[in-house]
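Please read each point with the model in view.

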Amino acid sequence: MSRILTRRRFLIGATMAASALGLSGCDALVESDRTKSVLKIAEGFSMKTQRFLLGDNALAREFTEADLSPVFRANGTSMPDNPQYLDWMNRQFSTWKLEIGGLVDKPMQLSLAELKVLPARTQITRHDCVEGWSAIGKWTGVPLGALLKTVGLKPEARYIVFHCADEYEKSLDGSGWYYESIDLVDAFHPQTILAHTMNGRDLEVAHGAPLRLRVERQLGYKQAKYLTRIEAVADLGRLYGGNGGFWEDRGYEWYAGI
Amino acid sequence: MATIDAGVATGRPVIYRHSLLVRLSHWINVFCMTVLLFSGLQIFNAHPSLYWGQYGADNDPSFISMEAVQDGDRAEGLTHVGSLTFNTTGFLGLSEVDGEATERGFPDWLTIPSYQDLASGRRWHFFFAWLFVINGFIYLAYGLFSRHFRRDLLPARGELMPAHIGHEIVNHARLRFPKGPEARHYNTLQKLTYVAVIFLLLPLMILTGLTMSPGFNAVAPWLLDVFGGRQSARTIHFLTAFSLTAFVVVHVAMVILSGVFNNLRSMITGYYAIDQGDTKGDKQ
């Protein structure tokens, strides 16, 4: 019996030592650029597999009024401290305008009133934060695809970029402004809308007033709030950190379908 | 009891027990499951609360949660399970990071990376999830075509009789392991456990993981109905990970108790020595 215990103790000790070594070594491994580039392979795999299985138009689950979250948690910025934004807010967004430009044939500007009279889609969907929580809300807004057809995309346009009014991380070089991007598959998806109404009321400031993006088959950080400008581009490399979004520039996946 | 043995030198019969593919997939699995567990706990720490149903966030009732609370001048780590609350200071809810008490679900020695970094935790988790799934499919295909499942894992006629299983449970509890011809194949408890892990727990991990993906929800909305919602799936994912961890603990204990050298050698080289033992009274 003593022989077993000695052996067991030795093994437990050895395992613990190995895992301690492994774990402290792990942080160094986690931070290595080569590791990061290898791990990134998984994102491409996930995106290609999901796109293959999804087709372009499979819909996200839509729920009923009975499923709405009693309290929809606001995340990220809940009150932009940008003076321009405060001015818009104090005027009930009557002076706010959405710019649509970049690689389009007819750039345009739309006021909130003009957006609200356009044909809209209403959907009750689940919002999934990358942290793990979910909330169900009812969104009404203009299908992005319809707007893009109106302005006409140039053939070289590949991505739609969303510029926002909140500087989430203060920095001297302006790299902390929130922005997001999606490709044309998601841009023309029927559930991709620019929402101005949530749970039957004007979008609240904490949820991105006056206009936020809904891309229902991806995680919460793709649902950019406080939209000011939509830009069609050929590639994402020249914008901010070059990864296509605020959180993407900070290590998160650009394809947030999982 | 077979503890340390000299293997072939003792003149015991040696059988070829594990094929190369089984051995390879076993060790790839060990590696994947280790990374998946520790990176999974990193992801869990980003929001250390579990819910039941379609949605769940701060204002909704949670099923299991961890938090740090300030009690006078000292902080405590609390873990809530249903209506019960446990003080888990130092381990869950509150633990030391570089000598400083920090609010954290699981402690830094259980997460990849050790510090809080959800983005890296996700990168590790999904990369090894892919490796795990590919490894699993290769193993399943091999198990079917090579008849590994039918030959080695499917309980034989009579093995599922309550009397037989009862007998095996008693022998296991007394740490009496099969010898002679009985040791040539898995015993019934082993077969049932491996079948449960391979065909129930591991697929459950993959399916509940996929149910948390908003993209995959659009591919297979029925998964949401099977598991009762994304937040239920997240809870089941966590509980199944916990069950798998418990399995690994028992599995490793059994490997050690039933002859660690012989067992490890068989999972590395494939060869397993049969202890002829003195069979009187040990079995039957």
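1. A salt bridge is taken here to be a side-chain nitrogen of Lys or Arg lying within 4 Å of a carboxyl oxygen of Asp or Glu. With that rule, a search of the whole structure, which is a predicted model, finds 27 salt bridges over all chains. Across the interface of chain A and chain B, the rule finds five salt bridges.

2. In one of them Glu43(A) is paired with Arg123(B), and the closest N and O atoms are 3.0 Å apart. This pair crosses between chains, since Glu43(A) sits in helix α3 (residues 41-54) of chain A and Arg123(B) in helix α2 of chain B. Another salt bridge links Arg73(A) with Asp58(B), where the closest N and O atoms are 2.5 Å apart.

3. The interface as a whole may be described by its area and its residues. Chain A and chain B bury about 4,600 Å² between them, and 63% of this area is on carbon and sulfur atoms. The contact draws on 56 residues from chain A and 45 residues from chain B. On the side of chain A, Leu39(A), Arg61(A) and Ile258(A) supply 14% of the area buried against chain B, which is more than any other three residues supply.

4. Within chain B, how do helix α2 and helix α5 cross? The axes of α2(B) (residues 118-145) and α5(B) (residues 188-211) come within 12 Å and cross at roughly 150°. Since angles over 145 degrees count as roughly antiparallel, α2(B) and α5(B) are therefore roughly antiparallel to each other. The crossing in which α2(B) passes α5(B) is left-handed. Phe132(B), Val133(B), Tyr139(B) and Leu140(B) of α2(B) meet Ile198(B), Phe199(B), Leu202(B) and Ile206(B) of α5(B). By class, this contact has eight nonpolar residues, with no polar and no charged residues.

5. Helix α5(B) also packs against helix α8(B) (residues 230-257), at an angle of about 150° and with the axes 9 Å apart. By the reasoning used above, α5(B) and α8(B) are therefore roughly antiparallel to each other, and their crossing is left-handed. Among the residues that make this contact are Tyr194(B), Val197(B), Leu201(B), Leu202(B) and Met205(B) of α5(B), together with Ile236(B), His237(B), Leu244(B) and Phe247(B) of α8(B). The residues of the contact of α5(B) with α8(B) divide into eleven nonpolar, eight polar and one charged.

6. Most residues other than glycine have a negative phi, and most peptide bonds are trans. In chain A, a cis peptide bond with omega of about 0° joins Ala209(A) and Pro210(A), and Pro210(A) is placed in the loop between β8 (201-202) and β9 (212-214). In chain B, the peptide bond from Ile112(B) to Pro113(B) is cis, with omega near -15°, and Pro113(B) lies in the loop between β7 (100-104) and α2.

7. Which residue has a positive phi although it is not a glycine? This is Tyr240(A), with a phi of about 45°, and Tyr240(A) is found in the segment after β10 (227-233) of chain A.

Notes
Residues numbered from 1 in each chain as written. Chains lettered and ligands numbered in written order. Predicted model: local features only at pLDDT ≥ 70, side-chain atom pairs only at ≥ 80, totals over all residues. Heavy atoms only, no water. Axes fitted to C-alpha atoms, helices over the stretch in contact; angles between N-to-C directions. Helix = DSSP H or I, 4+ residues; strand = E, 2+ residues; numbered from the N terminus. Parallel < 35°, antiparallel > 145°, perpendicular 65-115°, else oblique. Left-handed = near helix turned anticlockwise from the far one by under 90°. Contact = heavy atoms within 4.5 Å. Nonpolar A, V, L, I, M, F, W, Y, C, P; charged D, E, K, R; others polar. Buried area = accessible area lost by both parts, 1.4 Å probe.
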